[in-house]
Amino acid sequence: MNTSGVTLRKPTARDGQSVHQLISRIPELDSNSSYCNLLQCCHFVDTSIIAEKHGNILGFISGYLKPGNHKTLFIWQVAVSSDARNCGLGSQMLQQLLERDEHISVTHLETTITETNNASWALFNRLAKHFDAPLEHSVIFDRITHFNDEHDSELLARIGPLSR
Ligand SMILES: CC(C)(COP(=O)(O)OP(=O)(O)OC[C@H]1O[C@@H](n2cnc3c(N)ncnc32)[C@H](O)[C@@H]1OP(=O)(O)O)[C@@H](O)C(=O)NCCC(=O)NCCS
């Protein structure tokens, strides 16, 4: 897809349902309630971002500053519509989020990734390279201990300190 004409912006409450539908169409992602997506689009706008073209939402990232450590931006979910992948959109959204004025004092980014999600590893490795920062990872949520054997283990990926 040609990504010219794509706007990157903060979400608003009116985006909640479209975000919910985008995430529902992506099998790799756990879907949340539409109410949860609505809250992300209201209360977490500074740490979330939308990619939109001609009124269609092509991408969404939700995140938050970690409670008790506002120097770490935690990325909750990254969603890019299947027809808009591999065009740099996920990378652009992450970079713009980190470059917002509100995040000037953010030094690290964290997220969790399952071991087999190659696209996600590639996305965050590329981000680490962009900010000239190391990426360290270790299991944070274990398949048996935390997911009752119903979900793959999630690895915590921590990138930083970020160079800007
Ligand atoms: C992960 C995801 C967000 C990446 O978004 P994207 O817009 O396609 O990413 P980009 O185009 O910015 O590409 C970033 C890097 O990932 C690589 N990549 C993209 N898709 C890939 C795939 N399926 N397999 C391996 N690498 C892939 C790109 O080549 C690029 O790496 P490079 O710089 O070394 O060339 C997208 O694939 C997606 O929405 N997947 C489903 C949801 C998901 O798994 N989200 C992440 C977990 S929350």
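Predicted model: local features only at pLDDT ≥ 70, side-chain atom pairs only at ≥ 80, totals over all residues.
Local features were taken at pLDDT of at least 70 and side-chain atom pairs at pLDDT 80 or more, whereas totals for chains, interfaces and linings use all residues. Residues are numbered from 1 along each chain as its sequence is written, and side-chain values use heavy atoms, with hydrogens and water left out.

Helices (H or I, at least four residues) and strands (E, at least two) are DSSP runs numbered from the N terminus. Helix H4 comprises 13 residues, 118–130, and spans 18 Å between its first and last C-alpha, close to the expected 18 Å (1.5 Å times one less than the number of residues). Ser 120, Trp 121, Leu 123, Phe 124, Leu 127 and Ala 128 of H4 are buried (under 20% relative accessible area, with exposed over 50% and partly exposed in between; 1.4 Å probe, protein chains only). These buried residues fall within an arc of 160° seen down the axis, so they line one face of H4; the arc is that of the directions from the helix axis to the C-beta atoms. The face turned away from the buried side carries the exposed Asn 118, Ala 119 and Lys 129.

A nonpolar core is a set of buried Ala, Val, Leu, Ile, Met, Phe, Trp, Tyr and Cys residues joined through side-chain atoms within 4.5 Å. The largest has 30 residues, of which Ile 75, Leu 109 and Phe 124 touch the most other members. H4 is one of the elements that each supply at least two residues of this core. Apart from it lies another core of 10 residues, including Ile 23 and Ala 79.
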